[in-house]
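Here are my notes on the model you sent over. Please read them with the structure open.

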Amino acid sequence: GLGLTLRNPDGKKGMAVKRVKEGGPAAVSGRIEAGDRLLAVDKVELHGGMSGAQMARLILGRRGSVVVLQVEKASERGGGVIEVVLERFESIAEEPASGGG
């Protein structure tokens with residue numbers, strides 16, 4: 001994952017960032033904060049019509065894989081859209097290795 005918790009769709013463009021997980025890729029970058037909006041992941045625009053599974057597929061990925069995010073900064077931090085490149089860390093899709101191998 002990217003260390004981001006997103007809010008439920010609110011009818012606006014993209015998805016609002018609810019929380020940035022301490023120590024996660026987003027926090028380490030220092031460029032994404034709660035209140036910002038995640039507009040696109042690898043040039044795929046996020047919107048309220050997407051299912052949680054569709055969004056998870058975009059955001060989660062192999063540990064170490066690189067993702068490009070389009071982020072709209074919160075207006076109280078000057079607004080504007082920035083591009084942030086992050087390397088994914090843990091992924092929900094990764095299963096711990098089971099014994100026997």
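How many helices and strands does the protein have? There are two helices and six strands. The points below take the fold, the confidence and a few local features in turn.

1. Fold order. This is a predicted model. Read from the N terminus, the elements of the protein run β-β-α-β-β-α-β-β. Among contacts between residues at least 6 apart in sequence, 52% join residues at least 24 apart.

2. Confidence. The average pLDDT of the protein is 86, and 88% of the residues score at least 70. Residues 92-101 are the stretch to treat with care: pLDDT stays under 50 there. For that stretch the model has three contacts beyond four places in sequence. Where pLDDT is low, the predicted coordinates should not be read in detail.

3. Burial and surface. The protein has 101 residues, and buried ones make up 33% of them. Its accessible surface comes to about 6,200 Å². Carbon and sulfur atoms account for 49% of that surface.

4. Strand β5 spans residues 66-72. Which of its residues lie on the covered face? They are V67, L69 and V71. The uncovered face carries V66, V68, Q70 and E72. In a regular strand the side chains alternate between the two faces of the sheet.

5. The neighbours of β5. Strand β3 (residues 37-41) runs antiparallel to β5, and four bridges join the two. Strand β6 (residues 81-87) is also antiparallel to β5, with seven bridges between them. V71 is a handy residue for tracing both pairings. In β3, L38 stands opposite V71. In β6, the bridge partner of V71 is I82. V71 itself belongs to the covered face of β5.

6. Most residues other than glycine have a negative phi, and most peptide bonds are trans. What is the phi of D42? D42 has a positive value of about 50 degrees, although it is not a glycine. K43 also has a positive phi, near 70 degrees, and is likewise a residue other than glycine. D42 sits in the loop between β3 and β4 (44-45). K43 lies in the loop between β3 and β4 too.

7. Is K43 buried or exposed? K43 counts as exposed because its relative accessibility is 79%, and the cut-off for exposed is over 50%. D42 has 37% relative accessibility, so it counts as partly exposed.

Conventions: Residues are numbered from 1 along each chain as its sequence is written. This is a predicted model: local features need pLDDT of at least 70, side-chain atom pairs count only at pLDDT 80 or more; totals for chains, interfaces and linings use all residues. Side-chain values use heavy atoms; hydrogens and water are left out. Buried means under 20% relative accessible area, exposed over 50%, partly exposed in between (1.4 Å probe, protein chains only). Two strands pair if DSSP finds at least two bridges between them. pLDDT is the predictor's confidence in each residue, from 0 to 100. Contact means heavy atoms within 4.5 Å. Accessible areas come from the Shrake-Rupley method with a 1.4 Å probe; for residues, only the protein chains shown count as cover.
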